[in-house]
2 protein chains.
Amino acid sequence: MGFPKPSNEIDLIEKYFAPLASSSDSSLGLLDDAALIKVPKKHELVVTKDVLVEEIHFLANDPPKSLAWKALAVNLSDLASMGAKPAYYTLGFAIPNHIKPDWIELFVKGLNEIQNKFEILLIGGDTIVTNGPITISVTAFGQIPESMAMKRSGASAGETIYMSGCIGGGYLGLRHLQENLFGLNNKFSDFCVERYQRPFPRVALGMALRDFATSATDISDGLVADLANICRTSSVSATIYADDVPLPNGVKQLIQNGCVNLNDLFSGGDDYELLFTAPASYDSRIKSLESKLDVKISSIGKIGSGPANLTFFGKGGKILDFDSMGYSHF
Amino acid sequence: MGFPKPSNEIDLIEKYFAPLASSSDSSLGLLDDAALIKVPKKHELVVTKDVLVEEIHFLANDPPKSLAWKALAVNLSDLASMGAKPAYYTLGFAIPNHIKPDWIELFVKGLNEIQNKFEILLIGGDTIVTNGPITISVTAFGQIPESMAMKRSGASAGETIYMSGCIGGGYLGLRHLQENLFGLNNKFSDFCVERYQRPFPRVALGMALRDFATSATDISDGLVADLANICRTSSVSATIYADDVPLPNGVKQLIQNGCVNLNDLFSGGDDYELLFTAPASYDSRIKSLESKLDVKISSIGKIGSGPANLTFFGKGGKILDFDSMGYSHF
């Protein structure tokens, strides 16, 4: 869509990317300067953008298929946190010259896999050659009925704080890939690497929650930072019972060994679970979603009145000191 | 919107980027995981994305204010080529560590300038630190009444080919910055550098043309490549009278000196004028837009029947050989 193109860009688009757009009217077959989106009546469009840079947001030797999955998944997670149904995406893709066609082929397979899983379509983009690292800029589009989007700012005193799944796996997966944290491969390291490389956006849960959750975000920057964002935008305080925060099975031994501590797990990013608040009266309705959507949902704390503040209680009511977690923005 | 953030990202957003979104409901104050777009009744949303990489699409010492202008302008040009009214944009901004706050301040001033000129608003984005070159990924959104978007594929035999403004200035501006093509600064080099660094998207013209133009694109990759795209997608041929193609005042001397040739000017990119086709019956209506919108509009050739092909006629009916222009895709 616009710039002096590398001589092979048209070939790249036709060979690899056009099939990803084939069944979408919006893409105009990737043949035009722009794409066209029709929004259903009484709906709004939710738009999110995340940029991934090699060696900053992913490792240079991450498999291209899972990298493609992750580039889309982190955006779908943002749509999920608003309660939107994913629909389309555009791809800005800066590729260094050393990247070979078989890498791109695998990357496109990864895009295809997540497209099919979440029924979304490529509608446009810009593929360019860069003299720097691989840089992937995805903009994702979701649909939501008017006024139904969940925001970070709606939490009120007295409400319960919930989260899906568990946290810490993404952080442990990255550390394992960087320093072989667990020694030889085993089921637990596979689980954590999968959490890091192929996060699963909680799209169905987000859509189910939008009827009654008062605030929501995804846990991409870590539980502490993302909960701090809810507190800050809602002008409320939050109390978390650390024992109630679900961690991956198998992490206890690592904590006992001193390989990892709660600070790491509570502030590490890359889990892409949903964090949300709701009045206690919705508790049974929320619990019923667990079996319906095959996702664990835990109540981990309570919202209190403002000013914005976080308190973590550990065993025996001891207040945990997470000062080093970087939530000094209050 | 999602990744482990550099510690200063929240500060950056609050200090520099939040004011760019201040009067937009869609942005949610840049405080949420995603933005919300309402599309007016009986309208569609036009979406485009262009990625700019330092030293590939712009020069490292290009002024940050004009770089910001250009990053948005090239996207608005895509919206213009579809006939859309610009509305919003998201910004993916990968910033190397060596970039200083005063550079970012000037960059934001440039965004503010073009936002005000074209009445568009920032609604979201992702600001990250990169270990590579400055990389700017803008996604721009425009509104258009249903079924009114101009496409590349609508040209038919017998129609006239028009273009706005002149071509070659962007190419000459870049060459001047790279090799001091014109020696000391003068009005002509200033004009060309302005064309390169601060292209003016033909938004008003695009909106005026959508009622009757049969095909349109912007001239971003050069007249030859962009006309070839219209021919290819419309399955038509095109005949261009080279003498009718408007070049910047002052270029004749450069051609006589052998500094530049028609091949360079016809295939150089970065002009961001509109190229479009219309039945001859609309000629007077099109000409009337010149004074109304203060833009030169020239008829430069004719569409013929397919297969897709381009022929350029020079002085005395001589066929110009632009084989080296890279339109070998036919």
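## A residue to begin with

Does Glu179(B) count as buried, exposed or partly exposed, and at what relative accessibility? In this predicted model, Glu179(B) has a relative accessibility of 46% and therefore counts as partly exposed, since that class lies between the limits of 20% and 50%. Its salt-bridge partner is Arg175(B), and the N and O atoms of the two side chains come to 3.3 Å from each other. Arg175(B), by contrast, counts as buried because its relative accessibility is 16%, which falls under the limit of 20%.

Both residues belong to helix H4 of chain B, which covers residues 169-179, and because they are four residues apart in that helix, about one helical turn separates them.

## Where the two chains meet

The two chains meet through 70 residues of chain A, which are in contact with 70 residues of chain B. Between them the chains bury about 5500 Å², and 56% of this area is on carbon and sulfur atoms. Polar contact joins 15 residue pairs across the two chains, counting pairs in which both residues have a pLDDT of 80 or more. On the side of chain A that touches chain B, the element that gives the most is strand S2 of chain A (residues 43-53), with 10 residues. The residues of this side comprise 32 that are nonpolar, 19 that are polar and 19 that are charged.

Two salt bridges are counted between chain A and chain B; one of them joins the side chains of Lys38(A) and Glu44(B), with a distance of 2.6 Å from N to O. Strand pairing also crosses from one chain to the other, for S2(A) pairs with strand S1 of chain B (residues 35-37) in the antiparallel sense, over three bridges. Within this pairing, Ala35(B) in S1(B) is the bridge partner of Val47(A).

## Salt bridges within chain A

Over all chains, the count of salt bridges comes to 22. Among them is the pair Lys70(A) and Asp270(A), whose closest N and O atoms are 3.3 Å apart. This pair links distant parts of the chain, since Lys70(A) lies in helix H2 (residues 64-82) while Asp270(A) lies in the loop between helix H9 (262-267) and strand S9 (273-278), 200 residues apart. Lys70(A) and Asp270(A) are both buried.

A further salt bridge brings together the side chains of Arg195(A) and Asp271(A), at 3.4 Å from N to O. Arg195(A) belongs to helix H5 of chain A (residues 187-197) and Asp271(A) to the loop between H9 and S9, so this pair ties together parts of the chain that are 76 residues apart in sequence. Arg195(A) and Asp271(A) are both buried.

## The sheet of chain A

In chain A, seven strands make up an open sheet with mixed pairing, and their order is S7-S9-S6-S10-S8-S11-S12. The edges are taken by strand S7 (215-219) and strand S12 (319-320), and because each of these has a single partner strand, one side of each is left without a neighbour in the sheet. Strand S8 (residues 237-241) and strand S11 (residues 309-313) of chain A run parallel and are joined by five bridges, with Phe312(A) in S11(A) as the bridge partner of Ile240(A).

S11(B) pairs in the parallel sense with strand S8 of chain B (residues 237-241) over five bridges, and here Phe313(B) is the bridge partner of Tyr241(B). S11(B) is also joined by two bridges to strand S12 of chain B (residues 319-320), and these two strands run antiparallel. Phe312(B) stands opposite Leu320(B) in S12(B). S11(B) and S12(B) form a hairpin with five residues between them, and Gly316(B), which is in the turn, has a positive phi of about 65°.

## A buried serine in chain B

Ser66(B) lies in helix H2 of chain B (residues 64-82) and counts as buried, because its relative accessibility is 6%. A polar atom of the Ser66(B) side chain is 3.1 Å from the backbone oxygen of Pro63(B). When neighbours within four places in sequence are left aside, Ser66(B) is in contact with Gln197(B) and Arg198(B).

Conventions. Residues are numbered from 1 along each chain as its sequence is written. Chains are lettered from A and ligands numbered from 1 in the order in which they are written. Side-chain values use heavy atoms; hydrogens and water are left out. Contact means heavy atoms within 4.5 Å. Buried area is the accessible area (1.4 Å probe) that two parts lose on being put together, summed over both. A salt bridge is a side-chain nitrogen of Lys or Arg within 4 Å of a carboxyl oxygen of Asp or Glu. A polar contact is a pair of N or O atoms within 3.5 Å; within protein, one must be able to donate a hydrogen and the other to accept it, and residues adjacent in sequence count only if both atoms are side-chain atoms. Ala, Val, Leu, Ile, Met, Phe, Trp, Tyr, Cys and Pro count as nonpolar, Asp, Glu, Lys and Arg as charged, and the others, Gly among them, as polar. Two strands pair if DSSP finds at least two bridges between them. Buried means under 20% relative accessible area, exposed over 50%, partly exposed in between (1.4 Å probe, protein chains only).
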